[in-house]
Amino acid sequence: MKNKIKLSLLVKVIIAIFVGLLLGIFVPEFIVKLFLTINSIFSNFLSFIIPLIILGLVVSGIADLGNKAGKLLLITVGMAYTSTLFSGFLTFFSFDFLLPYIIDAESSGLVSSAKTSFSEIKPYFTINIPPVFDVMTSLVLSFVIGMGVASVEGKTIKSFFFEFKQIVEKVISVVIIPLLPLFIFGIFLNMSYSGEAIQVIKIFGKVIILILTLSIILLLIQYSAAGIVTKRNPIMLLK
């Protein structure tokens, strides 16, 4: 049997970006509108499924901790909140200081014209898929149910949410991950067709580099802290 080459999600996304930019120069408008329709449906589906993903993963995760859920959860929430505050302030001050040098008045005009071009092409139709509840409601509900299941040791509810977790993981692996490159392809196909792709990439390419740099810095700080606590090599942990 021949060995099948399996591409990682990141590689598929990168390929989707370049193919979208290339084909956007040649394809007719109805193809662009077709992919805009697909993107619109997929985007609405993501808005619908994300609260359910949170519910399925968080409840089962907390319930699996058992009687230790309360203490461990408080420690985890405290660490996550501290990390979020640090990340937020670092991002805010970094962009407040550097963004004026990255995006000047001329670049802002290019962004505005790009937005105008994007709005000219509409999908054939859209399907509204309202979420059952919003993200914050899902998060709070997950904590409440997870803590409740852990404290009362409810086997029936725990079994339900573990099966629900499996359903959510199946949706992620079978639907979301395979369609994500197609979604990215549609975005860049539209950008290329509108004729503003090069200008937008020039502007936001600098912003993306800044975001990646900050992400690497945050990861190094977080994994260094984890390495100190666990007395392990943070570089190996990060790898």
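The structure holds one salt bridge, a salt bridge being a side-chain nitrogen of Lys or Arg within 4 Å of a carboxyl oxygen of Asp or Glu. Before I go into it, let me say that this is a predicted model, in which local features need pLDDT of at least 70 and side-chain atom pairs count only at pLDDT 80 or more, while totals for chains, interfaces and linings use all residues. Residues are numbered from 1 along each chain as its sequence is written, and side-chain values use heavy atoms, with hydrogens and water left out.

The salt bridge joins Glu-169 to Lys-165, with the closest N and O atoms 4.0 Å apart. Both residues lie in helix H6, four residues apart, about one turn of the helix; helices here are DSSP runs of H or I with at least four residues, strands are E runs of at least two, and both are numbered from the N terminus. Glu-169 is partly exposed at 38% relative accessible area, and Lys-165 is partly exposed at 25%, where buried means under 20%, exposed over 50% and partly exposed in between, with a 1.4 Å probe and protein chains only.

Stepping back to the whole chain, the secondary structure comes to eight helices and zero strands. Buried residues make up 28% of the 239 residues. Of the contacts (heavy atoms within 4.5 Å) between residues at least 6 apart in sequence, 89% join residues at least 24 apart.

Which residues touch the most other members of the largest nonpolar core? In this core of 27 residues, they are Val-32, Ile-49, Leu-55, Phe-164, Ile-176, Ile-184 and Leu-189, a core being a set of buried Ala, Val, Leu, Ile, Met, Phe, Trp, Tyr and Cys residues joined through side-chain atoms within 4.5 Å. Helix H1 (9–23), helix H2 (29–63) and H6 each supply at least two residues of this core, and the largest share, eleven residues, comes from H6. Taking Val-32 by itself, and leaving aside neighbours within four places in sequence, we find it in contact with Val-27, Ile-121, Leu-189, Asn-190 and Tyr-193. A second, separate core of five residues includes Phe-95, Val-207, Leu-210 and Leu-214.

Turning to the rings, there are eight aromatic pairs in the structure. Among them, Phe-89 and Phe-93 are stacked, at 6.3 Å centre to centre and 20 degrees between the planes; by the criterion used, rings of Phe, Tyr and Trp (its six-membered ring) pair if their centres lie within 6.5 Å, and planes under 30 degrees apart count as stacked, over 60 as edge-to-face and the rest as tilted. Because Phe-89 and Phe-93 are four residues apart in helix H3 (residues 69–102), about one helical turn separates them. Phe-93 counts as exposed, at 52% relative accessibility. The pair of Phe-160 and Phe-164 is also stacked, with ring centres 6.3 Å apart and planes at 10 degrees, and these two residues are four apart in helix H6 (residues 155–194), again about one helical turn.

Finally, the surface: Leu-7, Val-11, Ile-15, Val-19, Leu-22, Leu-23, Ile-25 and Phe-26 make a nonpolar patch of about 710 Å². Such patches are made of residues with over 30% relative accessible area and no salt bridge, like charges being joined within 9 Å and nonpolar side chains (Val, Leu, Ile, Met, Phe, Trp, Tyr) within 5 Å. Leu-7 is found in the segment before H1 and is partly exposed, at 40% relative accessible area.

Technical notes: Accessible areas come from the Shrake-Rupley method with a 1.4 Å probe; for residues, only the protein chains shown count as cover.
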